[in-house]
Amino acid sequence: MDYFNYNDNELFAEQVKVEDIAKQYGTPCYVYSRATLERHYKAFCDAASHHNHLVCYAVKANSNLAILNVLARLGSGFDIVSKGELARVIAAGGDTSKVVFSGVAKTHDEIAFALEHNIKCFNVESEAELERISQVAAELNVNAPISIRVNPDIDAKTHPYISTGLKENKFGIDIKIAVDVYKKAASLPNLDIKGIDFHIGSQLTEVEPFIAALKKVIALVKELASHNIKLSHVDVGGGLGVPYAQEAPPHPSQYVSKITECLAELPDVELIFEPGRAIAANAGILVTNVEYLKQNQGKHFAIVDAGMNDLLRPSLYQAWQNIIAVKPRQGKTENYDIVGPVCETGDFLGKDRDLCIEAGDLIAVRSAGAYGFTMSSNYNSRPRVAEIMVDNDQVHVIRQRETIDDLYRNECTLP
Ligand code: LLP
């Protein structure tokens, strides 16, 4: 459930007319709802309340400082994948002792930065990384908290680009050799073994693959205990899907309950979640203006002012996101491809959408709060768009629209 609803045939973000936001701040713009974000975060915490847990919001989904700050105020932890994301968490007032650091390519500099900020744990993706973390920690004369990311070889049944738990994916360490890797970790200096983690993919619409992976991991936790390697947390990653179209993923509370049920046999082990999409996706929309309507041999196009550089998911994954009119018109609908200004055939926000629209109308792409702005670029020298957060009846600009000067601020010509 979210707080983008029609009232008197006008789309509202919480208590504010989306049209008023567009008039004041221009289009395209991302509009987020604070209440929706908070609601989704709390859904995880409430459902997990009977088990010691920590929700580490996956920063990559939407890393705007205001988003991170809203979650930090609720006590959220954070899952990061770069020094830049950790810097954002710090700038947003997040608690670094609740940060887990994922990612396959952590550099010496990133590891040192994370150690200096006393993060909760490194989610280690390879034996070579384990050695590097041990070495950097020794240089700084500290101990590094680590977890091994195991690859449980479970089919998440999601889009191949966002499936991560199969043996052909680059992520994690083969679960079959995990015991040896933990033994190696135990033998290396300056490492504290804290936990185990996995992340099998994103936009999962069923709970079964998570449970299948978790069962394998619980068996491993027990086996490790028999080797005197005791873990204090299990991190189940992120990946819970959202209903973009007809798919009906489990509600976060159902998903969390199934997981806590499964982990009930390890009551002392802290449970960590790394949700990104399930918290942020439906807390945001992308508002765009219809610039032109055009017909080519019977095919109707609505050409809008947002493109694939602003919202890449439809072009990159053929992702379907609902597109709605901000002020729906009564009348005959036409079947449109909603396309952007970028010079690529793949530049579309949606195809075959039945809408009754005219040039100058505003439309909104729903479920754009996750992997929307964070995947945007300046392709075609298009300044990145403004981000706005609505909090009840208040509107806050949380990222200014980039200017033309911003486009080449860091460039120079040859002397
Ligand atoms: N933890 C790890 C280690 C991850 O790699 C990811 C996402 C998450 C947590 C958060 O997953 P979520 O709960 O958001 O599914 N750009 C793609 C999604 C890529 C996800 C990458 N990893 C998209 O737009 O669909």
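Which residues is Val326 in contact with, leaving aside its neighbours within four places in sequence? In this predicted model, the contacts of Val326 beyond that range are Leu11, Val18, Glu19, Val287, Leu362, Ile363 and Ala364. Val326 itself is located in the loop that links β16 (323-325) to β17 (334-339). His50 stands 276 residues from Val326 along the chain, and a distance of 41 Å separates the C-alpha atoms of the two.

The ligand is surrounded by 20 residues, of which Ala58, Ser202, Gly238, Gly276 and Tyr371 are the closest. By residue class, the shell around the ligand comprises 8 nonpolar, 8 polar and 4 charged residues. Two helices, α10 (277-280) and α11 (313-317), each contribute at least two residues to this shell. Residues of the shell come from both domain 1 (4-32 + 281-407) and domain 2 (103-273), and the ligand therefore lies between these domains.

Helix α2 spans residues 34-47 and contains 14 residues. From the first C-alpha of α2 to the last, the helix reaches 20 Å, close to the 20 Å expected at 1.5 Å a residue. The buried residues of α2 are Arg34, Thr36, Leu37, His40, Tyr41, Ala43, Phe44 and Ala47. In an α-helix, residues three or four places apart point the same way, because there are 3.6 residues a turn.

Terms used: Residues numbered from 1 in each chain as written. Predicted model: local features only at pLDDT ≥ 70, side-chain atom pairs only at ≥ 80, totals over all residues. Near = placed C-beta within 6 Å. Helix = DSSP H or I, 4+ residues; strand = E, 2+ residues; numbered from the N terminus. Nonpolar A, V, L, I, M, F, W, Y, C, P; charged D, E, K, R; others polar. Domains from an automatic or database assignment. Expected span 1.5 Å × (residues − 1). Buried ≥ 20, exposed ≤ 12 C-beta atoms within 10 Å, placed from the backbone. Contact = placed C-beta atoms within 7 Å.
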